[in-house]
Structures are given as C-alpha cells and as structure tokens.
Amino acid sequence: MRRTPFVITAASLALLLPVVGPAAAHTAPAPPTFGTPGGRYEQPVSPTLRAERGTTIRYTLDGTTPTRADRAVVPGRPLRLTKDTNVTAVAFRGGRASVPVSAGYLVRGKEKPVARLVVMSDVHIGGHEKNDKKYESFFDTIGSVFPEPDAILSNGDMINDNGDGRGGDHRIVSEIFRANLKRKAMDDTQVLLSHGNHDASLADMRAHYPRAWFPDSGGGYYESTVRGLHLFTVNTETYDSDRAQRAWLKKRLAEIAADPANARTPVLVQGHRPAPGTAMDGQQASNPRLTEDLAPHPQVIYFSGHSHLNINDERSVHQRDFTAVNDGSMSYVEMDHGYQAVTEKGLADRFEAPTAQALFVEVYRDRTEIARVNMAADKHDIYTDGTWSADWQPPYASAGTLSGPTWTVRLKGNSPQQIKDAFTYTDARRDKTAPEFTGRRPLTLADGGRTLRVRQARDDRMVHHYRVDIENTATGTKLLSSKVLSEYYFMPRPNSLDIPLPATEKGARYVARVRAVDAHGNASREATLGFRG
C-alpha cells in the first residue's frame, strides 16, 4: 500500500532545531527521527528511532513527554506496535534534551472497509498566504492515513464571513483544496460541503465550488451516496424553520428504514451545528427539531462542527436515539468556558488553542470506526504578544498524532429499540473512573517558590483540569482559586504544570489543595502541600 509520511521527516525536523555535532554538549541535540512514518497500517508496525551519535533516545507510548526516567531505545532494535499508539521521543545528551517529537500509528487488520471518509469542519480560510503550507501539511497527513479517501466532508464554515462581503473567499478554499487533491493524486475522492454560519450565502457557495461538491437544489441540503452508503447534508442555518427540508429528510430516512436490508447499515448525516442534547453535553447546539427528526433512526451517525470544541474529549461522541459526533475544527479548538490556562504571561482565562483536528471514518460491514487525528497539536499559546494567532505554520512535530482512542459504533439488534439498547457511548455508561496522582510528591514549589508545580495525574481517558485552591491557614484568605486546564489538547502532554503564585505574605503559612478532574467530572483524591510565604 502506498504511504505518504506525516510531516515528521528528517528535513522538516531540521527546521525545528539546528543539527549539531556530538561534541557540542552545550547545545540541545536535534530531535529523533522515525524510520517508519506514522500512518495507518494493516499489520503490526515496528518503527525504528534514530538520533545524533552520543545521544540517548527515550520514549513514551501514552502521549506524555519523555523524561530521563522513561524507557530508552536500544540502538538498532525497533519498537513493536500492535494497536493504535502515539510514540513520543526525546533525544538526551548530558544535561540537554531535544524538543519532543511524536508520531501516531493506527494499526488495523487486512479487512477492507466499505468506505473511508475524512470529516472536518471550520477551516475558516481567508487567504493563500497563511493557508497554502498549512493545507499541504494537512493533506500530507490525510494521505498518510487514507492515501485516497472515498470522500472528504468539510462540514461548514469554510470561510470567515461575518456579513461583511467575504463570499469570494470560497474561491480560495476551492483553489487550495483542488491543488492538494491533485498533488496527492486523490482523483476519485468526493468532496461534500455543508453550509455554516460563516459561509456567506448559498449562492456564493454554488458560484465558487465544483457543482459536485455542493449539489443542493436550492435550500443548502442534499443527498449523496459514498460507496453505496446514504449520506445526507442538512442546512442547520435553516433546519427548524424550513418545512420542506424537514419533510425531505424525514421522508428519506423513513424510506431507508422501511427496507429490512438497511437495518444495520449506518446512515451518515452531516450538518454544521450540533443537535441539542447530544455531543459535548449539547454545548452550542441548535435545531431541536433535528434531534427530534433523527431520533427514530438509530442507524444515523450525525457529524457536526461549529463549536470548535476539541475531539480529545470523550463527550464528543454521544448515543441515545442515534449517534452524534463532534468533528472538531481545522483552524483552532476550544474547550469548555470557565477555565484558565498556564501561558507565558501567567494564568489567563483561555478556552482556545491553535490545534487542528479531523475525524477519519472507516465503515465496515458490522461496525463504523472513527479515529481522531491531530493535523497539528504543537504547544503554543493562541495569543502572541497579546495578538490573536491561530496560524502557526508547519512543520508540525505533532502532525498525524492521535487525539484519543478510536470510537467504534455498532448496530446490534433486530429492532430500533434493540439497537439503542446496545449503544456504548450513552450517558448511563459514562466513565466513572477518577484520575489519580502518582508518586509521593505530586505538588512541589518551583522557580524559587514563585510557582506551584503540579505533576500531571493519570486517568483511564484524560485529565481535563485541576481544581486548585491555595489559602492562608491562619486567616482562611484565598490566595488562589482556579480551575486550570491540563493542556490535554497538546501533543505530547506536558508532565507538569507550573502555576504562578500570587504574592505571598512573608512568613505566613499556606496550604495548596489540588484535585484532578476528568471530562465527566470524576475527581481524584485531594493532593496537598503546605508552605511558607
């Protein structure tokens, strides 16, 4: 099978740090390279890691940043991967370490899927200058997983029109996509678009894309087939008020469901806005009638964007009457509001990160597998010197890494209710395992006592944030009370968070209390640290 490497190549890594000789012990070594690129494989894969002579490569397989305590690569001996894995490696020499680099490996069997689709949204392209190289990298990542996908769904907000006449930017999206489809020889790949709230008018979309990409009949909605699978594109800007659209979708879904041969075949639906009561606890959702109209059909898998909410979060998939999946964002991701992040300027109210993500969907005869893939998840603040910036340029050391385990949707049962009863990703079956701190000292002071260092807790899924409370033990006065994001949306995740402390009173006693919390609200036992100001 033809493979296209992720952007993690010797040439691209050389751009991250200058290559230095082994005698230059005072400089950081160059990052390791992967002999076998990340991507999708139909058998176990054995990547070999290489680095400069005189260095030791240490690696992790759990998404964390390697330290000197982690496993070392035995020279000449490849790793052995038998399941989906992120491999992260760091080269150490003396007291210096390279930047970490990661590769994601999807390990599959030889069974051929019925169809392969890439689902993305919210590309928000406004020009060539900041997007040409980004999308070359993004399409390289797509090609490393699916060399020729059957379809690419771009689920709304291709541009960033806010009623200010930017409809012509759709032409730029079309040019960038067509150039990369040609460059990657994706000659037979269908492209299917939905209409988002930042996409200007339907007329602008029809004017600037090939007709096959947006074949609506006037209302921004249409039906397609991908390798024989039914795929419906709905216009969530008008769905609840558009009687004709509702009647069309309900009629077609009922017709499909009436054929017993379709009982266990997924029906794919894409719409820009989330449906209420589904993914990510219904955040930023609209169109309650869409939820109502999809409810009789457990075969439906509904993909939505709009929110920019990240796909690392296990709440991004939800099942009750049908399967709803959040497909993230290709421009930047968001987290729930109400949290703070550690930035170069200290703690800041932050709910965005310059991470790009997409879904890679494989439909088999008895299941649908949905892999979550980072196009770029390098650690950066989305503000540079106080200015908004989501346009970090390649090469990306995280391109093609996995942002969570693959979700598997099965349609098991002889009736709609039986299929629903067998659903996996339901509210009743949410994860109940709390995170836990490991090691004897999860909390320490750093930077001369100016920061609280929180060693990241472990969880069976991911740690979402930390509840941090610091108070003066004599007066009970709060020095700090915050919910601090764990930076789970970066790849690799940092091993600790350094939380800046406000000014303390000299000689006063303080106690820090910290709990790690996962995305479902499960909280760890409290870790404490007493210290003097």
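L231 is buried, with a relative accessible area of 1%; here buried means under 20% relative accessible area, exposed over 50% and partly exposed in between, using a 1.4 Å probe and protein chains only. L231 sits in strand β13, residues 229-233. Strands (E, at least two residues) and helices (H or I, at least four) are DSSP runs numbered from the N terminus.

This is a predicted model, where local features need pLDDT of at least 70 and side-chain atom pairs count only at pLDDT 80 or more, while totals for chains, interfaces and linings use all residues. Residues are numbered from 1 along each chain as its sequence is written, and side-chain values use heavy atoms, with hydrogens and water left out.

**Around L231**

- Skip the neighbours within four places in sequence, and L231 is in contact with L117, L153, L192, Y222, E223, S224, V226, L268 and Q270; contact means heavy atoms within 4.5 Å.
- L231 and V300 are 69 residues apart in sequence, yet their C-alpha atoms are 9.6 Å apart in space.

**The whole chain**

- The protein has seven helices and 33 strands.
- Its radius of gyration is 24 Å, which agrees with the value near 24 Å for a compact globule of 533 residues. That radius is taken over C-alpha atoms, and the globule rule is 2.2 Å times the number of residues to the power 0.38.
- The C-alpha trace spans about 75 × 55 × 50 Å along the principal axes.
- Buried residues make up 57% of the 533 residues.
- Take the contacts with a separation of 6 or more: 70% of them are between residues 24 or more positions apart.
- On the charge side, the mean positions of the 68 positive and 62 negative charges are 7 Å apart. Lys and Arg count as positive and Asp and Glu as negative, with His and the chain ends not counted; each charge is placed at NZ of Lys, CZ of Arg, CG of Asp or CD of Glu.

- Helix α2 covers residues 132-145, and its 14 residues reach 20 Å from first C-alpha to last, close to the 20 Å expected at 1.5 Å a residue. The expected span is 1.5 Å times one less than the number of residues.
- α2 is mostly covered, with 11 of its 14 residues buried. Among them are Y135, F138, F139, I142 and V145, along with the charged-type residues K134 and D140.
- Helix α3 (residues 169-183) has 15 residues and reaches 21 Å between its first and last C-alpha, close to the 21 Å expected at 1.5 Å a residue.
- The buried residues in α3 include D169, H170, I172, V173, I176, F177, N180 and L181. An α-helix has 3.6 residues a turn, so residues three or four places apart point the same way.
- The packing partners for the buried residues of α3 are β9 (115-120), α2, β10 (151-155), β11 (190-194) and α4 (202-208).
- Following α3 comes A185, with a positive phi near 55°.

- Most residues other than glycine have a negative phi, and most peptide bonds are trans.
- The P394 to P395 peptide bond is cis, with omega near 10°. P395 belongs to the loop between β25 (387-388) and β26 (402-409).
- Another cis bond runs from M491 to P492, with omega near 0°. P492 is in the loop between β30 (478-485) and β31 (496-500).
- E487 lies in the loop between β30 and β31 too. Its phi is near 65°, positive in a residue other than glycine, and at 2% relative accessibility E487 counts as buried.
- H306 has a positive phi of about 75° although it is not a glycine. The loop that holds H306 lies between β15 (300-304) and β16 (317-319), and H306 counts as buried at 15% relative accessibility.

**Around H318**

- H318 is in strand β16 and is buried, with a relative accessible area of 4%.
- Not counting residues up to four places away in sequence, H318 touches G277, T278, A279, T323, A324, Y425 and D427.
- From H318 to Y302 is 16 residues in sequence and 9.9 Å in space, C-alpha to C-alpha.
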